[in-house]
Amino acid sequence: MTLSAIVTVPVGLAPADFTAPIAGEPALVRAVRAVRDVAPVTVVVAEGLVVAVTECLAAHGLSDVPVRTAPGPFAEGDAVLVHDVRYPLAPADLAARVAAGLADRDVVLPVLPMTDSVKSVAAEGIVLGNVDRSELVTAQYPRGYRSAVLARFAPDDLAALISAGLAIGIVDGDPNAFVVDLAQDRELLEAIVTAG
């Protein structure tokens with residue numbers, strides 16, 4: 001199986017969100033390094049962010065990483081790892097687990113068990129009761145897809161993937177691979193990285 005990777009920078013992020021250092025490395029650089037050892041990586045961004053992304057990568061010794069604008073086919077090979085810059089603390093071994101899971105699955109998601117209390121709430125804002133968490137998980141990034149799947153479905157459209165009857169597998173996630181608001185959560189991220 002040949003594997004490639006893309007790191008997405010969602011529309012709406014300001015350059016400072018993904019280029020400002022988090023304990024010495026920007027979120028963009030952390031995301032690229034998380035998948036780079038597993039597969040050749042391309043960064044996919046909106047047109048207006050190309051210069052900021054290119055300069056950030058070059059400043060951290062990653063000028064060889066291609067930067068492309070959406071939409072378009074960016075990945076080559078049988079399978080693709082898709083990572084999101086808003087998950088900057090996802091470790092490289094998580095990408096390796098996801099890649100290994102693609103050997104016999106169409107889609108692979110890293111997940112963690114749901115630990116928060118979940119309530120069902122009526123339209124009027126009245127709590128109706130607890131939701132059983134035993135079958136709930138939180139999905140993380142990076143995620144793995146067979147290339148044919150990405151040609152037909154949007155990566156985040158899990159309902160369509162499930163409806164299509166695809167073989168969706170899971171691997172153990174990582175406590176640090178959580179989504180953040182890059183503009184507001186920088187102090188939290190710094191504390192986690194510093195604590196090791």
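In helix α3 (residues 50–59), the buried residues are A52, V53, C56 and L57; buried means under 20% relative accessible area and exposed over 50%, with a 1.4 Å probe and protein chains only. These residues cover an arc of only 125 degrees around the axis, which puts them on the same side of α3. The arc is taken from the directions from the helix axis to the C-beta atoms. An α-helix has 3.6 residues a turn, so residues three or four places apart point the same way. Exposed residues V51, E55 and A59 sit on the face of α3 turned away from its buried side. After α3 comes G61, with a positive phi near 75 degrees.

The model is predicted: local features need pLDDT of at least 70 and side-chain atom pairs pLDDT 80 or more, while totals for chains, interfaces and linings use all residues. Residues are numbered from 1 along each chain as its sequence is written, and side-chain values use heavy atoms, without hydrogens and water.

Helices (H or I, at least four residues) and strands (E, at least two) are DSSP runs numbered from the N terminus. The buried residues of α3 pack against α1 (15–19), β3 (25–26), α2 (27–36), β4 and β5 (67–69). Contact here means heavy atoms within 4.5 Å. V53 touches V9, F18, L28, V43, V45 and V67, leaving aside residues up to four places away in sequence.

V53 is also one of the residues that touch the most other members of the largest nonpolar core, together with V9, F18, L28 and V43; this core has 38 residues. A nonpolar core is a set of buried Ala, Val, Leu, Ile, Met, Phe, Trp, Tyr and Cys residues joined through side-chain atoms within 4.5 Å. At least two core residues come from each of β1, α2, β4, α3, β6 and α4 (92–101). The largest contribution to this core, six residues, is from α2. Another core, of 14 residues, lies apart from it and includes V82, L109, Y145 and L161.

Strand β1 (residues 3–8) has five of its six residues buried, so it is largely enclosed by the rest of the structure.
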